[in-house]
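The sequence and the structure are shown first.

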Amino acid sequence: CTDTATTDVTVNDHPVATASNDGPYCAGAAVSLTGGPNGMSEYAWTGPNGFTSSLQSPSIPNSTTTESGTYTLTVTDANGCTDTATTDVTVNDNPEATASNDGPYCAGAAVNLAGGPDGMSQYAWTGPNGFMSSTQNPTIPNSTTADSGTYTLTVTDANGCLDTATTDVTVNDNPVATASNDGPYCEGDTI
């Protein structure tokens, strides 16, 4: 004696998880994580510094170097199937800009500006009287009082991270010397 029965089997494809970021970042910037695919039932991110998120594409505001590392995303679709992807995040320290001068100065003297740190990819000075320079340590020859004021230096490192510093320059007017006598004199007079 025989009988027959049937059952339908469904095998669902796993979703294909994707994880990315738009770094590298400079400290203080928001880290933007992007997860996929769209339409999943669940997104579960984990990462350095105890990071967790259930958002598809979370962000981390005001990042520090401790946010650097590997972030893992696990996605779960409506069938309960899962997949995992990772993305590596790099958060670089910002350089520490310094700006100084060796003043105060007398009109006509050269103003010497000093910027740091050494080895930056770019130095950008601005200041009074339309002053601009891309030199690390620029000089303003034959200064006038119009060169007095605040000079700002922005430095950019090889990672594109930057910092700003200022220095105040003072250029003083020279005194106006005078000399006179009440002559002419006759021999024997007091001069």
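## Pairings of strand 12

Ser 100 stands opposite Ala 114 in strand 12. The model is predicted: local features require pLDDT of at least 70, side-chain atom pairs count only at pLDDT 80 or more, and totals for chains, interfaces and linings use all residues. Residues are numbered from 1 along each chain as its sequence is written, and side-chain values use heavy atoms, with hydrogens and water left out.

Strand 10 (residues 98-101) and strand 12 (residues 111-116) run antiparallel and are joined by 4 bridges. Strands are DSSP runs (E, at least two residues), numbered from the N terminus, and two of them pair if DSSP finds at least two bridges between them. Strand 12 is also joined to strand 15 (residues 139-140) by 2 bridges, again running antiparallel. Here Val 111 has Ile 140 in strand 15 as its bridge partner.

An open sheet is formed by 4 strands in the order 5-4-7-8, with antiparallel pairing. Its edge strands, each pairing on one side only, are strand 5 (51-53) and strand 8 (82-89). From one strand to the next, the twist averages 15° (axes are lines fitted to C-alpha atoms, and angles run from 0 to 180 degrees between N-to-C directions).

Between strand 4 (residues 42-47) and strand 5 there are 3 bridges in the antiparallel sense. Thr 46 stands opposite Thr 52 of strand 5.

Thr 156 lies in strand 16 (residues 149-156). Thr 156 counts as buried because its relative accessibility is 15%, the cut-off for buried being under 20% relative accessible area (1.4 Å probe, protein chains only).

Apart from neighbours within four places in sequence, Thr 156 is in contact with Met 120, Ser 121, Gln 122, Cys 161 and Leu 162, where contact means heavy atoms within 4.5 Å.

Technical notes
Buried means under 20% relative accessible area, exposed over 50%, partly exposed in between (1.4 Å probe, protein chains only).
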